[in-house]
Amino acid sequence: MRIFPRLLLAVAFALALSGRWALGADIYVAANAPEPVRFGAAEVARAIKALGEGARLNPEKPGEPPVYEVFLGASDDARAWKAASDLGVKAKPGAEGFSIRALDGGRGRHVAVVGGDAVGAMYGALELAERISLAGKRWRVADVTTDQKPYLEVRATNPFIFSQALDDETSWFYNRDFWKGYLELHARSRYNLIDIHAAFDLHTTYFPNIYPYFTFVPEFPDVGVGAKRAAKNVAMLNWIIEFAASRGVKVALMNYNAATFRNPGKEQAGRQLNGPETTDYVYRACRQFLENVKGLWMFGFRIGESGQRESFFGDTYLKALRDTGSTMNVYTRSWLATRSKILPITEGHKGAFYIEPKYNGEHLGLPYQAITSPKSYAPSYSYEDYTEYPRNYKILYQVRACGTHRVWHWGNRDFARRMVESCRLGDGAGFTMEPLTAYYPLEDVYLRDPETKYFTWAFERDWFWYELWGRTGYDPALSGDLWKKRFEARYGAAGPALLATLEEGSKIIPLLYSYHCLGPDHRNHAPEFESGNNVRNDLRGRRVADGLERFIRVIPLDTVSMADIRSWVAARLEGRSEPRFGPLDFAREMDAIVARTRDLRSKVKQTERAQSASDRHARHVLVDMDLACHMGAYYAEKVRAATSLEFFNRTQNLDDLIAAEEAMDRAIGHFEQLALLGDAFYNPLLETLRMKTRQFTWTGELKDRVYRDRFELQAREAEFAGKFESARDPLLGHRPEPQRTVGEARLTLTAPRGGKAPAEAFLLWRRLGSGGDDATWREVKMAAGERFSFAADLPKEAAGQFGAVEYYFRVERYGRAATLPAEGPAAPFVTRFVPEREAPVIGPSQAKGGKGDREAEVRVKVTDGSRLAGVTLHYKLLPSKAIWRRKEMAAVRDGVYGTTAPLTRSGLQYYFTAVDEHGNAAQAPDFRAETPYKVIESWEEAGAPVADTPAEQEAGEGF
């Protein structure tokens with residue numbers, strides 16, 4: 001009977017020798033350790049206990065071997081640092097960085113976690129706890145060795161405080177459990193700042209002044225919520241700030257509006273203050289706020305849309321800071337403000353100054369700053385000239401991701417990595433990112449069926465979104481295996497396939513918004529909800545939906561890398577090379593993403609009935625990916641329809657109008673599936689920001705806008721057919737193809753066929769040869785097709801070899817004849833036949849130039865199977881207010897081309913295009929794989945003046 005204890009001892013000894021946890025751990029932190037360190041220690045203990053092992057925090061007596069000793073603390077903690085240095089840590093980590101080392105051998109079993117500061121120690125503890133939890137009983141000491149430090153200095157979320165929450169004393173704002181979960185998610189996600197902007201009214205989408213909620217100014221007794229409510233709100237805000245600090249998270253608050261106030265107990269906005277009265281109130285309110293709110297890290301105001309001059313903020317916010325002796329950091333947004341007027345505002349202020357320029361307008365869209373020129377969008381939707389030196393501020397990119405992603409799940413690691421890396425543009429300090437709930441309810445008001453509900457607060461639904469952005473901001477090279485393990489731990493065996501489905505499906509919304517961008521403002525476009533047709537107000541103020549004709553006119557977010565429908569069709573008809581990503585590229589890529597997402601989704605194993613919260617959450621992710629696939633397929637077909645319609649508009653080729661109708665019918669079918677699934681799963685949604693309703697449904701969008709496109713195309717065909725048949729002279733249509741691959745020989749013609757005497761159509765052609773033009777026109781009778789179409793194939797001697805062909809059409813009807821083009825043989829169509837369509841490959845590049853240089857020497861490698869016709873450098877000053885220029889590059893040696901570009905302290909952006917003798921064109925870098933421009937950063941020169949507009953603003957190329 002004594003064999004069993006012996007067996008257990010043997011197993012425990014074997015586990016100890018293998019380096020696994022055996023009998024738990026004793027965790028040591030300093031008696032006066034800061035709260036973040038204590039929180040981290042508790043997380044390590046929780047992870048160990050979850051494995052069924054023992055964990056003690058600062059035990060009075062050591063445990064019996066084989067107990068691990070875990071030493072945790074910042075580098076100024078002598079015991080933690082000694083343990084770390086004994087285990088091989090050579091240098092103390094920097095701010096928010098950490099090192100973990102472990103020993104399992106003859107000298108004992110020790111783990112040391114040392115941080116550069118308390119927050120770094122907490123991050124190290126969270127890292128250790130996570131590795132223990134994910135590995136479980138398989139965990140080994142050797143698995144924990146790591147050194148980490150933050151990639152970005154500032155990693156912030158950017159939520160809004162809703163006026164509805166401040167008006168309801170039972171709301172999330174006053175719920176400490178909400179804040180505990182929310183802020184601990186921030187800590188685990190490695191965010192170090194919660195950047196609160198305020199206030200926002202969910203129903204009116206207005207931004208009321210926040211200070212009447214948090215101050216009571218006796219000189220203005222009729223402004224605000226009253227002294228008692230204000231004191232309660234301040235107490236709650238102080239608790240939030242204090243608890244956030246205990247989790248390593250700082251708090252910033254930006255007030256958006258300086259002039260609109262609320263009266264206590266009234267629904268309306270309250271009286272308006274003007275002129276000196278406004279200045280007096282805002283100064284007094286700011287001062288009282290600063291005196292009562294403790295521990296705030298940063299204090300801000302919105303300049304451009306405030307309706308106040310820049311000097312107003314020096315007389316109010318900054319004066320209040322000076323008069324209270326505060327050295328708190330200050331920040332503002334760049335929107336509708338100018339750099340030269342912002343710079344003097346904080347002169348003399350001892351704290352740091354941050355400016356939040358918009359990343360891509362009020363959307364995310366692309367994982368890099370895509371608005372690089374004023375040709376397409378207002379400069380304030382980008383970083384303007386805030387990358388310039390000299391500067392007394394740091395750049396914090398405001399990523400208004402809630403414009404693009406509003407309800408559906410989203411998460412793609414590669415996209416997040418690229419976006420995080422781009423935030424260093426202009427020596428950026430980091431990002432502040434709107435969550436999915438920036439303008440939407442934080443409670444679960446979303447899911448229709450009670451049996452599908454699994455979360456109380458939206459951040460519980462969005463855990464991966466928060467962790468992905470925060471942790472990628474801390475470490476862009478974060479291993480993909482981590483997320484697979486996280487999904488497996490949360491969702492079971494289906495987790496890895498669920499993650500793969502989510503990552504692929506998350507490419508859909510950014511791509512469709514980026515290619516078909518209704519505007520850079522979050523009020524311009526809600527890509528998860530709408531048809532892609534814009535809305536406008538008619539003369540009576542009614543909202544009228546645009547049709548497919550105006551859909552054609554919409555341009556991409558990045559007009560440098562993407563060609564809109566009209567310019568792409570024009571280039572195609574004119575035979576010009578177009579290296580940019582065009583509408584049919586978009587449709588093909590979207591089709592491929594949708595197909596891959598659906599294939600991955602089929603591999604997710606689901607139970608017949610979702611029982612647990614994790615099952616229901618997985619089901620929610622899959623529904624959102626199904627919705628995204630329907631929306632992606634809808635846009636792919638609609639862009640095809642719009643492209644065909646634009647060809648028809650330019651050529652009157654009826655086959656293109658018919659193709660537009662067929663593609664639009666397929667698009668409508670996809671949106672019908674979207675509406676059916678979406679409205680069955682989701683409640684009617686509060687969407688006042690863009691859709692102007694508190695009861696949004698996809699079925700409503702289908703009826704109000706989507707079906708209009710079908711009716712428009714049917715009307716166009718009926719109108720065209722009537723005019724076409726009744727015309728006295730035959731009306732003709734043809735889509736020319738200025739360039740074709742050898743062997744592509746079919747030509748089609750739109751011409752009337754009906755009546756008592758059916759029309760006859762003829763193709764007349766002649767070759768253009770290298771030895772001289774062939775003067776003989778050869779005639780081919782065209783065969784009648786469906787409706788108004790005729791078709792003919794060029795003979796093999798015309799289309800079967802490299803060269804060019806001239807051609808025109810003649811149609812005879814009722815004894816009358818017409819030609820297309822009207823000039824006939826005097827000005828025919830021309831088609832060049834080329835042997836291949838392979839674009840040049842633009843390879844590695846380099847630029848020599850930097851601080852103090854007046855030009856940059858640029859080199860690039862270009863290869864092609866055919867002779868190159870030209871390689872071009874496109875360049876501009878770094879500020880997004882500057883325009884693009886171009887310069888031809890010369891061959892330097894085999895396959896290498898070079899030139900120089902003027903360089904100033906503003907820095908430089910540049911990219912390349914190349915075209916071969918057959919008109920095949922390429923552009924690099926490719927936006928789908930990397931930021932589509934290279935950068936030489938700006939620098940500071942002694943005595944350099946501050947200017948609003950960079951030098952060299954004369955006209956350049958434009959798209």
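In this predicted model, the charged end of arginine 461 is placed over the ring of tyrosine 446, 4.9 Å from the ring centre.

**Nonpolar cores**

- The largest nonpolar core comprises 211 residues, of which Phe173, Trp179 and Tyr317 touch the most other members.
- Helix H22 (residues 613-651) supplies the largest share of this core, with 18 residues.
- Apart from this core lies another, of 34 residues, including Leu51, Ala55, Val70 and Ala187.
- Leaving aside neighbours within four places in sequence, tryptophan 179 is in contact with Trp172, Phe173, Ile194, Met236, Trp239, Ile240 and Phe243.

**Aromatic pairs**

- The structure contains 68 aromatic pairs.
- One of them joins phenylalanine 178 and tyrosine 182 in a stacked arrangement, with 5.3 Å from centre to centre and 15 degrees between the planes.
- Both phenylalanine 178 and tyrosine 182 belong to helix H6 (residues 176-188), where they are four residues apart, about one turn of the helix.
- In general, an α-helix has 3.6 residues a turn, so residues three or four places apart point the same way.
- Phenylalanine 178 and tyrosine 182 are both buried.
- Tryptophan 297 and tyrosine 354 form a tilted pair, because their ring planes stand at 50 degrees, with the centres 5.7 Å apart.
- This second pair links distant parts of the chain, 57 residues apart: tryptophan 297 is in the loop between helix H9 (275-292) and strand S11 (298-301), and tyrosine 354 is in strand S13 (residues 353-356).
- Tryptophan 297 counts as partly exposed, at 22% relative accessibility, whereas tyrosine 354 counts as buried, at 3%.

**A buried glutamate**

- Glutamate 806, in strand S27 (residues 803-813), is buried, with a relative accessible area of 12%.
- Its side chain makes a polar contact of 2.7 Å with the side chain of arginine 766.
- Not counting residues up to four places away in sequence, glutamate 806 touches Leu764, Trp765, Arg766, Leu768, Trp777, Pro828, Phe829 and Val830.

**Cysteines**

- Zero disulfides are found in a search of the whole structure.
- For cysteine 423, the closest cysteine sulfur is that of cysteine 402, at 18 Å, and this is too far for a bond.
- Cysteine 423 is buried, its relative accessible area being 0%.
- Cysteine 517 is likewise in no disulfide, since its nearest cysteine sulfur, again in cysteine 402, is 16 Å away, and a disulfide requires sulfur atoms within 2.5 Å.
- At 3% relative accessibility, cysteine 517 counts as buried.

**Helix H13**

- Asparagine 412 caps the N-terminal end of H13, with a side-chain oxygen 3.2 Å from the backbone nitrogen of aspartate 414.
- Within helix H13 (residues 413-422), the buried residues include Phe415, Ala416, Arg418, Met419, Val420 and Ser422.

Key: Residues are numbered from 1 along each chain as its sequence is written. This is a predicted model: local features need pLDDT of at least 70, side-chain atom pairs count only at pLDDT 80 or more; totals for chains, interfaces and linings use all residues. Side-chain values use heavy atoms; hydrogens and water are left out. A nonpolar core is a set of buried Ala, Val, Leu, Ile, Met, Phe, Trp, Tyr and Cys residues joined through side-chain atoms within 4.5 Å. Buried means under 20% relative accessible area, exposed over 50%, partly exposed in between (1.4 Å probe, protein chains only). Helices (H or I, at least four residues) and strands (E, at least two) are DSSP runs, numbered from the N terminus. Contact means heavy atoms within 4.5 Å. Rings of Phe, Tyr and Trp (its six-membered ring) pair if their centres lie within 6.5 Å; planes under 30 degrees apart count as stacked, over 60 as edge-to-face and the rest as tilted. A charge sits over a ring if NZ of Lys or CZ of Arg is within 6 Å of the ring centre and within 35 degrees of the ring normal. A polar contact is a pair of N or O atoms within 3.5 Å; within protein, one must be able to donate a hydrogen and the other to accept it, and residues adjacent in sequence count only if both atoms are side-chain atoms.
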